[in-house]
Amino acid sequence: MLTSINPKLPMRDKKATKVFYTEKLGFKEFGSVDYEGYLMLEKDNIQIHFFEFKNLNPEENYGQVYIRAENIDNFYQSLLDNKVRIHPNGQLEIKPWKQKEFSILDPDSNLLTFGQSL
């Protein structure tokens with residue numbers, strides 16, 4: 001039986017990734033061991049793992065994660081208040097598939113889309 005999924009996304013700089021996710025998005029580090037070239041972060045009921053890819057070209061990165069959320073309006077506003085840049089094509093809106101969604105890019109151009117069912 002499957003119980004959860006923890007996406008693994010590329011990162012060029014572990015410190016920059018950690019700062020973005022913890023200080024801008026409210027994640028915290030997961031686990032008690034600091035692995036070289038690997039980072040595990042969590043917020044509420046989700047985890048995202050990152051692996052070091054120093055030669056990653058952000059313009060060629062297609063890493064994407066869809067994260068289901070509750071109280072998406074409040075979360076969206078908290079990101080705006082924290083000066084997180086919303087993707088130019090990812091403003092908060094209701095989609096035809098009955099989801100309220102928005103998207104951001106992390107420092108390595110991994111696309112994070114947040115959605116709430118209506």
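In which sense do strand E7 and E8 pair, and over how many bridges?

1. Strand E7 (residues 99–105) pairs with E8 in the antiparallel sense, over 7 bridges. Two strands count as paired if DSSP finds at least two bridges between them. Strands (E, at least two residues) and helices (H or I, at least four) are DSSP runs, numbered from the N terminus. The bridge partner of Ser-103 in E8 is Thr-113.

2. This is a predicted model: local features need pLDDT of at least 70, side-chain atom pairs count only at pLDDT 80 or more, and totals for chains, interfaces and linings use all residues. Residues are numbered from 1 along each chain as its sequence is written, and side-chain values use heavy atoms, with hydrogens and water left out.

3. E7 and E8 form a hairpin with 5 residues between them. In its turn, Ser-109 has a positive phi of about 70 degrees. E8 (residues 111–117) also pairs with strand E5 (residues 64–68), in the parallel sense and over 5 bridges. There, Gln-64 stands opposite Leu-111 of E8.

4. Another part is an open sheet of 4 strands in the order E1-E4-E3-E2, with mixed pairing. E1 (8–11) and E2 (28–29) are at the edges and have a single partner strand each, so one side of each lacks a neighbour in the sheet. E2 runs antiparallel to E3 (residues 38–43), joined by 2 bridges. Lys-28 stands opposite Glu-42 in E3.

5. Helix H1 (residues 14–24) packs on this sheet and touches E1, E2, E3 and strand E4 (46–52); contact means heavy atoms within 4.5 Å. The direction of H1 makes about 0 degrees with that of E3. Axes are lines fitted to C-alpha atoms, for helices over the stretch in contact, and angles run from 0 to 180 degrees between N-to-C directions.
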